[in-house]
Amino acid sequence: MHPFYHDILLDRDGTVIEDRHYLHDPDQIRFLPGALPGLQALVRAGCRLFVVTNQSGIGRGYFSRDDYDNVERRLDHLLARHGVVLSASVYCPHSPSDTCSCRKPAPGLVQTLIEHHGLQPRRSIVIGDKKSDIRLAETAGLGGGILVATGKGRHEAEHLGCPPLGEEAYLECAQSPAGAPVLFARDLEAAAEWILKAPPAA
C-alpha cells in the first residue's frame with residue numbers, strides 16, 4: 001500500500017545536505033545524518049522526490065548557474081549510488097530583493113512541478129529546515145510541511161510553535177497555529193517514518 005503523501009518536496013541545504021553557505025563546490029557536498037536512509041525508505045515506498053530550493057547566491061553574484069548545475073549533477077550522482085533518483089530539481093536563482101514568484105515561500109516552483117510533473121498538491125508534503133519551507137506548503141495549497149531539526153530547524157522551531165524534541169524521533173504539531181508544520185522531526189529519516197504511516201490530512 002502506497003503512503004498517502006506520494007510527492008515529497010525536499011529543501012536541499014540543511015535538509016538533505018549540510019548547509020555550506022552558498023555552496024558552489026561539488027566536492028563540499030556532505031549528506032546530513034538520516035538523509036540517505038530517509039530518502040531510500042521513501043523511494044522504496046513508491047514516493048516521488050523533488051528538490052525545491054532557493055539559491056540566492058546566483059542572484060547575489062556569489063556563484064553562477066553553471067556552478068549550481070555542477071553541484072546538482074554531483075548530488076544526483078551521489079544519490080544514485082544509494083538507489084535514490086530525484087524526479088526533478090527546481091530552484092529560484094533570485095536574491096530576496098528581486099521581485100519573483102519562485103522564491104520560497106512563493107508558490108512558483110510548485111506550480112512548475114504541477115505543470116510539468118503532474119504534482120498532486122493535496123498528496124504532497126514539504127520537508128525543510130526553514131520557515132519558508134513550511135510557509136510554502138500553505139501558499140501552494142499542499143498537504144502540509146515537516147520541519148526537520150537539522151540545519152536551522154531547531155532555531156526555527158521556536159518561532160513556529162513546535163514542541164521541543166527530547167528523545168523522540170518526531171512530534172506531531174496538530175495543535176499548533178496556522179502556518180506551523182504538521183510535524184517536527186529529528187531528521188529526514190524520522191520524517192520519512194511518519195510519512196509512511198500518516199493518514200490523509202483532515
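**A guided look at strands, cysteines and cores**

Guide: Ile8 stands opposite Ile125 in β4. The model shown here is a predicted one.

Visitor: What makes β1 and β4 a pair?

Guide: Two strands count as paired when there are at least two bridges between them. Strand β1, residues 7–10, and strand β4, residues 124–128, have four bridges, so they qualify as a pair. They run in the parallel sense.

Visitor: What is the order of the strands in the sheet?

Guide: The seven strands follow the order β3-β2-β1-β4-β5-β7-β6. The sheet is open and its pairing is mixed. On average, and with direction ignored, neighbouring strands are turned by 20° against each other.

Visitor: Why are β3 and β6 said to stand at the edges?

Guide: Each has a single partner strand, so one side of β3 (88–92) and one side of β6 (170–172) have no neighbour in the sheet.

Visitor: Where does helix α4 lie?

Guide: Helix α4, residues 108–117, lies across β1, β2 and β3, at about 150° to β3. Gly108, Leu109, Val110 and Leu113 of α4 are buried. The buried residues of this helix pack against β1, β2, β3 and α5. Gly118, with a positive phi near 65°, follows α4.

Visitor: Why is Cys102 called buried?

Guide: Buried means under 20% relative accessible area. Cys102 has 14%, so it counts as buried. Cys173, with 5%, is buried because the cut-off is under 20%.

Visitor: Which residues have the most contacts inside the largest nonpolar core?

Guide: They are Ile8, Ile127, Ile146, Trp194 and Ile195, in a core of 36 residues. The elements that give two or more residues to this core include β1, α1, β2 and β4. Helix α7 (188–195) gives the largest share, six residues.

Visitor: What does Ile195 touch?

Guide: Leaving out residues up to four places away in sequence, Ile195 touches Pro3, Tyr5, Ile8, Leu42, Ile125, Ile127 and Ile146. There is also a second, separate core of 16 residues, with Leu9, Val52, Ala140 and Leu142 among them.

Technical notes: Residues numbered from 1 in each chain as written. Predicted model: local features only at pLDDT ≥ 70, side-chain atom pairs only at ≥ 80, totals over all residues. Heavy atoms only, no water. Axes fitted to C-alpha atoms, helices over the stretch in contact; angles between N-to-C directions. Contact = heavy atoms within 4.5 Å. Buried < 20%, exposed > 50% of the residue type's maximum accessible area, 1.4 Å probe, protein only. Core = buried A, V, L, I, M, F, W, Y, C linked by side-chain atoms within 4.5 Å.
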